[in-house]
Amino acid sequence: MLTIFKKRRPPVGARPGTLVVPEGAPTRIRVFEYDPEGAVESTPVSLDELVRLRDGARTAWIDVQGLGDEAMLRRLAEIFSIHPLALEDLVNAPQRPKVEEYDGQLLFIARTARLPSADDIELEQVGVVIGAGYVLTFQERRGDVLDLVRTRIREGKGKIRGGGAGYLGYAIIDTIVDGYYPVVEALGERLEHLELRVLDAPIPATLAEINRTKAQLVIMRRGLWPQREAVSRMIKQPTPLLSDDVRLYLRDTDDHGAQLVDVVDSQRELVNGLMNTYLSAVANRTNEVMKVLTIMSSIFIPLTFLAGIYGMNFADMPELHARWGYPVLLGVMTALGIGMLLYFRRQGWLGGSKSD
Amino acid sequence: MLTIFKKRRPPVGARPGTLVVPEGAPTRIRVFEYDPEGAVESTPVSLDELVRLRDGARTAWIDVQGLGDEAMLRRLAEIFSIHPLALEDLVNAPQRPKVEEYDGQLLFIARTARLPSADDIELEQVGVVIGAGYVLTFQERRGDVLDLVRTRIREGKGKIRGGGAGYLGYAIIDTIVDGYYPVVEALGERLEHLELRVLDAPIPATLAEINRTKAQLVIMRRGLWPQREAVSRMIKQPTPLLSDDVRLYLRDTDDHGAQLVDVVDSQRELVNGLMNTYLSAVANRTNEVMKVLTIMSSIFIPLTFLAGIYGMNFADMPELHARWGYPVLLGVMTALGIGMLLYFRRQGWLGGSKSD
Amino acid sequence: MLTIFKKRRPPVGARPGTLVVPEGAPTRIRVFEYDPEGAVESTPVSLDELVRLRDGARTAWIDVQGLGDEAMLRRLAEIFSIHPLALEDLVNAPQRPKVEEYDGQLLFIARTARLPSADDIELEQVGVVIGAGYVLTFQERRGDVLDLVRTRIREGKGKIRGGGAGYLGYAIIDTIVDGYYPVVEALGERLEHLELRVLDAPIPATLAEINRTKAQLVIMRRGLWPQREAVSRMIKQPTPLLSDDVRLYLRDTDDHGAQLVDVVDSQRELVNGLMNTYLSAVANRTNEVMKVLTIMSSIFIPLTFLAGIYGMNFADMPELHARWGYPVLLGVMTALGIGMLLYFRRQGWLGGSKSD
Amino acid sequence: MLTIFKKRRPPVGARPGTLVVPEGAPTRIRVFEYDPEGAVESTPVSLDELVRLRDGARTAWIDVQGLGDEAMLRRLAEIFSIHPLALEDLVNAPQRPKVEEYDGQLLFIARTARLPSADDIELEQVGVVIGAGYVLTFQERRGDVLDLVRTRIREGKGKIRGGGAGYLGYAIIDTIVDGYYPVVEALGERLEHLELRVLDAPIPATLAEINRTKAQLVIMRRGLWPQREAVSRMIKQPTPLLSDDVRLYLRDTDDHGAQLVDVVDSQRELVNGLMNTYLSAVANRTNEVMKVLTIMSSIFIPLTFLAGIYGMNFADMPELHARWGYPVLLGVMTALGIGMLLYFRRQGWLGGSKSD
Amino acid sequence: MLTIFKKRRPPVGARPGTLVVPEGAPTRIRVFEYDPEGAVESTPVSLDELVRLRDGARTAWIDVQGLGDEAMLRRLAEIFSIHPLALEDLVNAPQRPKVEEYDGQLLFIARTARLPSADDIELEQVGVVIGAGYVLTFQERRGDVLDLVRTRIREGKGKIRGGGAGYLGYAIIDTIVDGYYPVVEALGERLEHLELRVLDAPIPATLAEINRTKAQLVIMRRGLWPQREAVSRMIKQPTPLLSDDVRLYLRDTDDHGAQLVDVVDSQRELVNGLMNTYLSAVANRTNEVMKVLTIMSSIFIPLTFLAGIYGMNFADMPELHARWGYPVLLGVMTALGIGMLLYFRRQGWLGGSKSD
């Protein structure tokens with residue numbers, strides 16, 4: 001069963017900035033501090049340590065996992081001067097993917113996608129706050145998506161350690177967008193598989209799978225489109241947080257977003273085609289069943305009638321006493337049966353599901 | 001039965017500004033007067049008291065419920081210099097959601113949605129007039145949507161008492177937009193429920209519910225889209241009534257509006273998919289019925305024919321007098337019947353509704 | 001039978017400005033001359049009288065009904081300096097609704113809609129020429145739509161007599177746009193009615209009515225959309241003929257146009273849904289028929305087979321001579337029949353059209 | 001059989017400007033030379049005569065029919081300084097309708113439509129080159145569309161002789177656009193006719209005609225839309241070749257183009273509706289057939305069973321020897337048959353194709 | 001089996017610029033060096049030779065085929081200062097078709113299409129880098145598309161040798177775009193062929209072919225649309241690499257791109273129509289089968305009943321002993337059978353698949 005839409009949101013009419021934290025999701029903070037020379041990874045003992053990071057010369061990534069501790073989140077927002085509305089967007093997930101500028105900070109709301117099973121699609125919001133010299137990310141669950149970025153910082157290859165907060169923000173967003181590729185490819189393979197199954201086994205289970213895939217594509221599209229829009233707008237945002245170089249890289253991310261939207265749209269068209277194929281395969285099956293019935297009935301009902309004739313008890317039925325009466329009738333019946341068979345064969349009804 | 005469109009409107013050709021008040025809906029006015037220090041709630045004895053409010057230093061909310069008293073409404077419009085066309089929009093509901101600026105005032109026409117039952121959707125127009133220091137709201141029925149805002153003023157938490165008329169206007173509009181979330185979620189749950197039912201019980205009642213849900217989504221969309229557009233345009237309206245701060249908050253409302261439109265659009269796609277599933281489930285059922293008929297007929301019609309043969313009265317039918325004639329025939333019949341059953345089983349027709 | 005498109009147009013390749021007047025539609029001119037003090041209504045004896053009106057201080061409405069007299073129309077165009085292309089648009093109906101500015105004049109091509117019967121939709125073009133101090137309207141038939149404006153001038157209530165030619169033009173266009181409301185409401189009611197009928201009586205006549213309604217909506221949309229566009233563009237037209245006040249009123253008309261387009265679009269979506277419901281209702285009916293056939297056949301064909309067995313003439317059939325042979329067989333048959341009935345009941349096939 | 005797309009084009013990778021002339025289409029040139037005083041029509045003996053026309057004071061129309069003579073076309077292009085790409089567009093038909101400006105010349109690629117039979121739609125490209133003082137038109141076949149313009153020049157009524165090359169260009173384009181009206185009207189009539197037939201005779205031939213009409217509308221749309229766009233862009237082209245007056249006339253052509261696109265779009269919606277009606281009419285027919293089968297079977301199968309009972313050869317069947325056994329059974333059978341008939345009548349199955 | 005989407009991409013989270021080279025595709029470089037006087041073709045022994053080409057006076061085309069050698073590609077990028085992101089786009093195919101400007105270079109990502117068989121569509125990315133005086137192209141497979149350009153350079157006809165790098169870039173892109181024409185025409189012919197087959201042989205194989213064609217069109221569209229967009233944007237790119245003349249030629253390419261999109265869109269509409277035709281043809285076939293069954297059953301079931309009557313063993317059945325009993329019954333039966341046949345003929349059921 002696929003959940004179509006479920007948002008953690010305050011009751012209607014609550015004042016702006018009200019947070020709805022998920023239960024049982026303790027907030028854990030990890031910190032990366034790095035410059036081209038090296039990277040230090042730590043878990044802050046108290047939030048006040050972070051003040052130093054905010055103002056430090058090295059680039060800091062404050063990685064928040066689990067959004068269950070409202071007090072901690074509010075204190076964090078205070079330290080990094082995160083606007084209450086931004087905090088609300090970060091915590092009350094899912095928001096529509098978007099980019100917003102609050103004085104001196106860029107807020108990017110992204111959404112990751114995973115297919116844990118054929119039945120479900122798991123979307124998770126990742127909130128990214130890019131400031132001068134620091135990046136904060138907010139995730140509800142301990143996600144493994146950003147592990148890939150963590151590894152890159154640890155290994156220190158490429159530009160990542162020297163790129164500053166803007167580049168780190170790009171790297172995170174790029175990783176999230178690229179994370180859709182395996183999902184899209186998995187859905188593509190499932191479609192190819194379904195295309196074969198729909199003709200072989202047009203059973204309700206197949207239809208249910210088609211429907212589920214369609215719903216997953218609809219839900220993917222709902223996230224991908226605004227996310228791509230957000231990347232496009234981020235490139236054009238006149239903020240000093242993003243260097244020209246980073247904008248160039250974001251253009252690449254934007255292209256990937258556009259490609260993903262294209263592919264998902266194609267897949268939606270194809271899944272609609274599968275629905276039609278399914279309906280027609282069912283109609284074909286009914287047709288096959290009908291043919292069997294018609295052939296059986298058309299052959300035996302007339303023969304039974306003939307047998308009925310000579311089962312009548314009229315006193316004077318000369319055929320009954322004719323010498324070759326019985327064998328002649330059997331011959332006529334055989335001829336009739338074969339005749340019908342030949343007729344149906346000429347109609348092309350006798351190939352079963354193979355030829356037709 | 002869902003009413004598709006019903007508008008309270010003057011006869012065609014009436015002069016602009018003609019009001020059509022609903023019958024049996026006496027106009028009741030409630031007043032909130034507040035500043036950061038405190039809030040006073042009252043019911044004015046005469047409309048002339050309101051003149052003081054209009055010009056007072058505190059923020060005033062004139063909350064009009066029931067639009068049945070044309071004289072009162074006209075006097076109110078006079079006191080607050082509401083343009084006749086604005087008054088017409090406020091009274092002759094439903095108008096298309098929109099924002100308009102009349103000198104010194106912003107008119108916002110909003111629409112709330114409620115699902116009182118699975119069969120109906122209840123939309124109500126709420127008209128909001130934002131002036132310098134005061135806000136007027138016009139509702140046909142005693143709605144409980146705005147109660148949430150009233151409570152916030154009474155409790156005085158957050159920025160609401162200090163935010164002035166612009167902020168109050170935002171709070172009202174935001175509450176109305178957010179009020180769609182429970183409706184959208186209820187429809188989402190109904191869709192999930194329908195997805196199960198459509199395969200289990202593809203009966204006309206299910207189809208009727210699918211259709212009703214679709215119509216409700218169409219009607220929701222008709223309100224949501226222009227409402228979101230109106231919020232977007234309000235943000236860009238170059239009016240001194242809205243501070244930069246309020247515009248920032250409205251951006252949040254705008255995001256919610258966009259998310260709601262996205263979700264409703266996804267739901268409309270899914271409801272169309274359900275329609276297809278329904279049709280195919282009916283086709284599958286026909287298929288099942290056909291199979292039963294075909295199996296029964298294909299087995300017994302040939303056997304009956306055989307019985308008919310030996311019911312004939314030919315004088316000379318040696319089998320009839322053969323020693324093992326009868327038991328051999330019974331054996332042949334049994335073999336034939338079992339043969340047919342095996343054939344149908346190999347065709348996969350014998351699983352009933354479970355496997356197929 | 002609904003006519004999809006029929007235009008009175010000159011033969012292809014005729015030179016621009018060629019008029020095609022309808023036959024049997026004598027041109028009748030009525031004149032309203034008014035200022036805030038009073039209104040005079042007259043029928044001019046000769047067209048030359050109109051020269052005085054063109055240049056007079058009072059606002060003049062020249063109301064042309066019936067477009068059959070080419071000479072008269074050409075003389076009229078000469079007096080009021082109507083551009084030949086404008087005259088062509090006014091006479092060769094229907095044109096696409098639009099607004100155009102020819103030096104010193106605004107030409108507005110509008111279209112009214114009426115539903116004379118369930119089978120037809122009657123669209124009529126009304127051409128409006130707004131000049132400085134005068135308005136000309138051109139209608140093919142003696143329409144009653146503009147009677148509502150005439151009455152308002154006669155009664156002189158509201159702003160109409162003091163508003164000048166621009167306001168009169170607005171009043172006419174507004175009346176035409178609002179004239180769609182009753183049509184849209186009638187179609188809405190028909191849809192609600194059809195929704196009930198489509199499940200009760202999925203007969204071709206119902207489908208034909210659905211199709212007719214769909215075609216009417218398509219035709220309505222074809223007129224409404226460019227008409228709304230024309231009103232929008234008229235508001236922005238930088239012409240001295242329209243005061244700011246009139247533009248404000250036109251904005252109201254524009255809102256109504258947008259609402260009508262919205263509602264018609266919703267109705268089109270719903271009518272498509274009805275088509276699907278119809279198809280599925282027919283499929284359901286086939287299903288019902290099939291069930292009856294299958295139940296009857298499945299019960300009686302095996303029983304007939306049994307009867308056939310004991311109708312055989314084998315010499316040695318011990319059952320035939322058994323003491324309880326006949327009653328036992330009857331008992332077995334009854335049991336078999338009841339068994340089948342129970343089976344079908346468990347399958348849920350015995351509820352007839354009520355439960356399924 | 002309708003050809004969906006066939007273009008005369010050079011092999012892929014040929015250098016730009018490569019011409020592909022049709023075979024068996026000798027190029028014929030006719031020349032019109034006119035000024036307000038008179039018009040001279042001639043067939044040039046050699047192409048060099050045309051140099052005089054290019055530079056003459058009178059307006060010249062060089063009317064090229066048949067594009068089979070590459071040498072002649074290249075010489076012509078040389079005389080009138082037609083850009084190689086423009087020449088390619090004129091000869092390698094069909095190009096997408098468009099307008100382009102090459103220094104000092106406007107190139108307009110138009111497409112005419114004709115319905116030679118119900119099965120086909122004949123589109124022909126007409127290329128128009130408007131220069132200072134001359135117009136060249138290029139047509140593949142001897143078309144009769146432009147005859148209408150020729151006649152107008154010969155007769156000399158209206159503005160055509162005094163309008164110069166710009167006006168002539170307009171007159172040609174306008175004639176081509178208006179030439180779609182008869183086609184659209186013919187398709188409209190066919191749709192009305194099909195609407196009746198689809199319910200009366202839902203046979204494959206009807207479906208084939210619906211499909212053909214749909215394909216024709218799709219092909220029409222493919223030409224109409226860019227053609228309308230081209231006219232719109234031509235109006236805005238800042239070229240001295242078109243006077244303000246001509247632009248005004250082109251606005252009229254533009255309106256007609258928009259109206260045609262509207263009508264074709266409506267027709268496409270209606271043809272899709274017809275497809276649905278066809279499918280449902282077939283379903284209805286199957287339903288009718290099923291009813292006949294079910295009624296016949298349900299009445300006679302139980303009766304046959306009864307007859308079978310009393311055809312059994314049990315030694316002891318008291319009914320067989322009862323005095324009124326036979327007539328009583330016949331009575332019971334009749335009663336049963338009538339009972340079934342009444343049942344089916346109550347179900348509304350006995351009206352045949354009339355009531356249902 | 002059609003592959004819907006398969007991209008060679010680095011693992012998610014890899015740093016930008018990571019290349020994923022295909023296996024077993026050795027990189028081969030060919031060089032064309034030419035000026036109006038002549039063209040030299042060579043295969044460089046070492047990449048360092050290319051430095052001379054980069055800075056030479058003659059136009060150089062470095063034609064890279066096979067993308068399997070990462071070291072070689074990186075060295076090439078170094079020599080020609082290709083941006084790492086551009087290199088990534090060139091190697092990790094397929095990217096979305098696009099144009100990008102990196103300082104002093106234009107990157108154009110194009111996609112060619114081929115139909116190697118009815119079952120598949122083969123798309124290949126061709127990356128084009130246009131610099132000052134040189135063009136690089138990157139292809140995965142040894143393609144024959146660009147052979148056409150090679151031949152033109154060798155033969156030296158037309159402008160190609162004198163046009164510089166910009167013109168060469170245009171020639172390559174134009175050849176790729178025009179390469180879609182044969183594909184589109186082949187699909188058009190297949191559609192025409194399918195239109196005939198769908199009515200003659202509505203078998204699953206036909207449906208599968210329709211679906212395959214639809215998927216191919218969807219995939220084509222996914223490449224064509226952004227490619228056309230890229231050409232449009234390339235024309236407007238304010239780069240000195242493209243002369244006005246080349247932009248004019250690109251406008252032609254742009255027109256072809258627009259025409260291809262139009263045609264593919266039409267074809268998609270028609271293929272959807274075919275799907276409907278298929279469904280209705282299957283329904284028609286079921287109808288035919290049903291008619292045969294109904295006719296056979298309706299004729300013989302009542303007759304069998306009559307035979308059953310006179311097969312009963314009632315002691316007193318006077319008809320059995322009547323003189324003409326048997327022949328009269330046979331007569332009645334014949335009459336009944338013929339009557340039924342006439343009835344079905346009047347219903348139009350006896351034409352078989354020809355008349356209906």
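How many aromatic pairs does a search of the whole structure find over all chains? The search turns up 50 aromatic pairs. You're looking at a predicted model, so treat what follows as a tour of computed geometry.

**Stop 1: a ring pair inside chain C**

Select C:Tyr167 and C:Tyr249 and show their side chains. The two form an edge-to-face aromatic pair, with 5.5 Å from centre to centre and 85° between the planes. Now colour by secondary structure: C:Tyr167 belongs to helix 5 (residues 164-178) of chain C, while C:Tyr249 is in helix 8 of chain C. The pair links distant parts of the chain, its members being 82 residues apart.

Buried or exposed: which is C:Tyr167? C:Tyr167 counts as buried, because its relative accessibility is 3% and the cut-off is under 20%. C:Tyr249 comes out as buried too, at 5%.

**Stop 2: a ring pair between chains**

Keep chain C on screen, bring up chain D, and pick C:Tyr326 and D:Phe314. This aromatic pair is tilted, with the centres 5.8 Å apart and 50° between the planes. Here the pair crosses between chains: C:Tyr326 comes from helix 10 of chain C, and D:Phe314 from the loop between helix 8 (244-309) and helix 9 (318-321) of chain D. C:Tyr326 is buried, with a relative accessible area of 6%. D:Phe314 also counts as buried, at 6% relative accessibility.

**Stop 3: the rest of the C–D interface**

Zoom out and select the residues of chains C and D that touch each other.

One to click on is C:Arg9 with D:Glu185, where the closest N and O atoms are 3.1 Å apart.

**Stop 4: over to chains E and A**

Next, hide C and D and show E and A. This contact takes 65 residues from chain E and 68 residues from chain A. The area buried between them is about 5900 Å², of which carbon and sulfur atoms give 64%.

Across this interface there are 5 salt bridges. Among them is E:Arg9 with A:Glu185, at 3.0 Å from N to O. Polar contacts join 18 residue pairs across the interface of chain E and chain A, with both residues at pLDDT 80 or more. On the side of chain E that touches chain A, helix 8 of chain E supplies the largest share, 18 residues. By type, that side of chain E divides into 37 nonpolar, 12 polar and 16 charged residues.

While chain A is up, select A:Tyr167, A:Tyr170 and A:Tyr249, which form one aromatic cluster.

Show chains A and C together. No contact joins these two, and their closest C-alpha atoms lie 9 Å apart.

Note on methods: Residues numbered from 1 in each chain as written. Chains lettered and ligands numbered in written order. Predicted model: local features only at pLDDT ≥ 70, side-chain atom pairs only at ≥ 80, totals over all residues. Heavy atoms only, no water. Salt bridge = Lys/Arg side-chain N within 4 Å of Asp/Glu carboxyl O. Phe/Tyr/Trp six-rings, centres within 6.5 Å; stacked < 30°, edge-to-face > 60°. Helix = DSSP H or I, 4+ residues; strand = E, 2+ residues; numbered from the N terminus. Buried < 20%, exposed > 50% of the residue type's maximum accessible area, 1.4 Å probe, protein only. Contact = heavy atoms within 4.5 Å. Buried area = accessible area lost by both parts, 1.4 Å probe. Polar contact = N/O pair within 3.5 Å; in protein donor to acceptor, adjacent residues only side chain to side chain. Nonpolar A, V, L, I, M, F, W, Y, C, P; charged D, E, K, R; others polar.
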